[in-house]
Amino acid sequence: MSKKENFYLAKLEWLGPILVRGLRVLSSVEALGQEFSFSQAMILQTLLGHKTMQMKDLARFLGLSKANATGLVDRLVKKGLIERYHSSDDRRAVIVRLTPAGIRAATKLAAINRKELAQMMRRIPEKNLTVFLNTLELVARDLIEPANR
């Protein structure tokens, strides 16, 4: 590996935990007076955007095992934020969606997230913003569909 590659890898290794921690703060639910985890907040945000999803697709989208996703959804169902039902096409398929209370919580969470992201974006010089966002999108796409792994 070249010196340049080692330099960039060291930067990424340093930035990784900071970015993850920052994203967890952005998705904080403390302002909502709710007690749910970062992963549960991600489920709420995902369902807000997708309306309904099969459990297997939700797990895959968030990079969770089906068992882990099921446990997280179970707790959100108990809180009255998500409902689940079986598909009419395939009784084995479990579909999840937000309840009205879940929609309200996810919408508030999205507004808090958007406000924090806007503040973060304002610190990035406008000339760099397009490159920054395009680069993040490339990373996100590779995380969703890893190329040649």
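This is a predicted model: local features need pLDDT of at least 70, side-chain atom pairs count only at pLDDT 80 or more; totals for chains, interfaces and linings use all residues.
Student: What pattern does the chain follow along the sequence?
Tutor: The pattern is α-α-β-α-α-β-β-α-α.

Student: What share of the residues counts as buried?
Tutor: Of the 149 residues, 25% count as buried. Buried means under 20% relative accessible area, exposed means over 50%, and partly exposed lies in between, with a 1.4 Å probe and protein chains only.

Student: And how much of the contacting is between residues 24 or more positions apart?
Tutor: Such residues account for 49% of the contacts with a separation of 6 or more. A contact means heavy atoms within 4.5 Å.

Student: Which residues touch the most other members of the largest nonpolar core?
Tutor: They are Ile43, Leu44, Leu47, Leu58, Val73, Ile82 and Val96, in a core of 18 residues. A nonpolar core is a set of buried Ala, Val, Leu, Ile, Met, Phe, Trp, Tyr and Cys residues joined through side-chain atoms within 4.5 Å.

Student: Which elements give two or more residues to this core?
Tutor: Those elements are α2, α3, α4, β3 and α5 (100-122). Helix α4 gives the most, with four residues.

Student: Which residues of α3 are buried?
Tutor: In α3, which spans residues 55-62, Met55, Leu58 and Ala59 are buried. Viewed down the axis of α3, the buried residues fall within an arc of 100 degrees, so they line one face of the helix. The arc is that of the directions from the helix axis to the C-beta atoms.

Student: What covers them?
Tutor: The cover includes α2 (38-50), β1 (52-54), α4 (66-78) and β3 (94-98).

Student: What follows α3?
Tutor: Gly63 follows α3, and its phi is positive, near 70 degrees.

Student: Which residue other than glycine has a positive phi, near 70 degrees?
Tutor: Lys51 has such a phi. Lys51 lies in the loop between α2 and β1, and is exposed, with a relative accessible area of 56%.

Student: Changing topic: how many salt bridges does a search of the whole structure find?
Tutor: The search finds four. A salt bridge is a side-chain nitrogen of Lys or Arg within 4 Å of a carboxyl oxygen of Asp or Glu.

Student: With which residue does Asp57 form a salt bridge?
Tutor: Asp57 pairs with Arg60, the closest N and O atoms being 3.4 Å apart. Both residues lie in helix α3, three residues apart, about one turn of the helix. An α-helix has 3.6 residues a turn, so residues three or four places apart point the same way. Asp57 is partly exposed, at 27% relative accessible area, whereas Arg60 is exposed, at 59%.

Student: And which partner does Arg84 have?
Tutor: Arg84 forms a salt bridge with Asp74, with the closest N and O atoms 2.3 Å apart. This pair links distant parts of the chain, as Arg84 is in strand β2 (residues 82-86) and Asp74 is in helix α4, 10 residues apart. Arg84 is partly exposed at 33% relative accessibility, and Asp74 is partly exposed at 30%.

Student: What about Arg92?
Tutor: Arg92 forms a salt bridge with Asp90, the closest N and O atoms being 3.1 Å apart. Arg92 is exposed, with a relative accessible area of 71%, and Asp90 counts as partly exposed at 29%.

How values were computed
Residues are numbered from 1 along each chain as its sequence is written. Side-chain values use heavy atoms; hydrogens and water are left out.
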